[in-house]
Amino acid sequence: MEWIETTGKSIEEAKEAALDELGVDEQDAEFEVLAEPKAGLFGRMRGEARVRSRVRPTAPRPKDDRRNRRRNRAGGAAGETASAPGAVATTAVSAEASGSDAPAAAPAGGDPVGEAIAEAAAAVTESPADKGRPAGSGRRNGSASAGTGRGSRRATEERNEERDKMSNVDVPLEEQGKVAREFLLGLVQEFGVAAEVTATVGDEDVIDVAVTGTDLGMLIGPKGTTLLALQDLTRSAVQQKTSAGNGRINVDVAGYRRKRSEALARFALQIAENVKATGVRQALEPMSAVDRKVVHDTLTDVDGVSTISEGEDARRHVVVVPAED
Amino acid sequence: MSETVDSDVPEAPRATAVLTYLATHLVDGPEQVSIESSPTRNGVKLSLSVAPDDMGKVIGRRGRIAQSIRSVVRAAGAREGVDVSVDIVD
């Protein structure tokens, strides 16, 4: 299922753990607070924060996420109309099989923090992904997975910020790709660079839009920040023009993202070898959720190591640890 | 920092064009998009205003779109050697 549950000492921490697992930025995930952390005596934690989250539909999706993904579109628009705020039937069984230590606390009703967090959560439209994750990969601290259908989805937690503009419709991906391409073509023209733009409809509702040409560095920016911004704006522009609620647009410039994640995967494998050889855990530099996911995914299948994420927010980073046996 | 700036013309035509392009493609009322340019200590500030109903579209969830607009417009400014900042005014 696409909803996952994570825990942490604070709600923020639980959310961070979720973002790691989903491999998206905070803006592209929706959260639901199931339980607030309860402070015990002397600051000891009596209960962990528990958050339920998933990738926001039509939000960014890293390429590496495509496998195991099965589009769950029973009749397209019909599936969407059934998802008015609060009306969604939840069968939140996490793909995680390792949740034997699931906190017993029932979702709290009417907690103020939950309400605040839920400000960030948009209403559900349709299931974007089926995320199968291997069990027991040790990425989460104190992972919890259990059916959380009962009472966990309060209408008050639903917000529809992104989609308050219009209802979403299914727009042919080719059409969206065309709009995206035209938008980017016009944009690079304003930039005064000569570039070609191609839009390719891939499997699993992903539209890959590639900008190619020479001297495109400024469209990528430091650490790809401008590229990410371009992608954001392209998605918004397409949404504005087509009201599309389906599909997922990924923008790449000069193959930057592809090359980068390939390089990152190679790097991660190298680190894993080091860790296996030395038996010493090794922390990587802070990375975005997307990048962290590349590392996690790459090393999931590598024996002898496991990966965890540590640190808050911008300092969040992956640590490769030798597997205990 | 003793460069003279002429405040009558936008000193960052490319960045301004990019901002115009972005804004008009993100809003319902492109005809209500307007941009004012003013000099700053070391560059240009572009003040974007849109129809009140379109504010959300150029700001986005948690300012995400605004952030992206700034990032791209700044890149365009860098290309013409101008430090550009973007303000969204209502």
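This is a predicted model: local features need pLDDT of at least 70, side-chain atom pairs count only at pLDDT 80 or more; totals for chains, interfaces and linings use all residues.
Residues are numbered from 1 along each chain as its sequence is written, chains are lettered from A and ligands numbered from 1 in the order in which they are written, and side-chain values use heavy atoms, with hydrogens and water left out.

**View 1. Three strands of chain A form an open, antiparallel sheet in the order S1-S5-S2.** Helices (H or I, at least four residues) and strands (E, at least two) are DSSP runs, numbered from the N terminus; two strands pair if DSSP finds at least two bridges between them. Strands S1 (4-8) and S2 (29-35) of chain A sit at the edges with a single partner strand each, so one side of each has no neighbour in the sheet. From one strand to the next, the twist averages 30°. Axes here are lines fitted to C-alpha atoms, for helices over the stretch in contact, and angles run from 0 to 180 degrees between N-to-C directions. Helix H1 (residues 11-22) of chain A packs on this sheet and touches S1, S2 and S5 of chain A; its direction makes about 140° with that of S1(A). A contact means heavy atoms within 4.5 Å.

**View 2. Strand S5 (residues 49-55) of chain A pairs with S2(A) through six bridges.** On this side, A:Glu32 stands opposite A:Arg52 in S5(A). Now look towards S1(A), which is joined to S5(A) by five bridges; here A:Gly8 stands opposite A:Ala49 in S5(A). Is S5(A) mostly covered or mostly uncovered? Mostly covered: seven of its seven residues are buried, where buried means under 20% relative accessible area, exposed over 50% and partly exposed in between (1.4 Å probe, protein chains only).

**View 3. Chain B has three helices and three strands.** From the N terminus on, its elements run α-β-β-α-α-β. Of the 90 residues of chain B, 43% count as buried. Among chain B contacts with a separation of 6 or more, 61% come from residues 24 or more positions apart.

**View 4. Chain B and chain A bury about 2,300 Å² between them.** That's the accessible area (1.4 Å probe) that two parts lose on being put together, summed over both. Carbon and sulfur atoms give 56% of this area. B:Tyr21, B:Arg61 and B:Arg64 supply 33% of what chain B buries against chain A, more than any other three residues. The contact takes 21 residues from chain B and 30 residues from chain A.

**View 5. A:Asp232 and B:Arg64 meet in a salt bridge through their side chains (2.5 Å, N to O).** The rule, a side-chain nitrogen of Lys or Arg within 4 Å of a carboxyl oxygen of Asp or Glu, finds two salt bridges across the interface of chain B and chain A. Zoom in on A:Asp232, and you'll find it in helix H6 (residues 225-242) of chain A. A:Asp232 is buried, with a relative accessible area of 8%. Leaving out residues up to four places away in sequence, A:Asp232 touches B:Arg64, B:Ile65 and B:Ser68.
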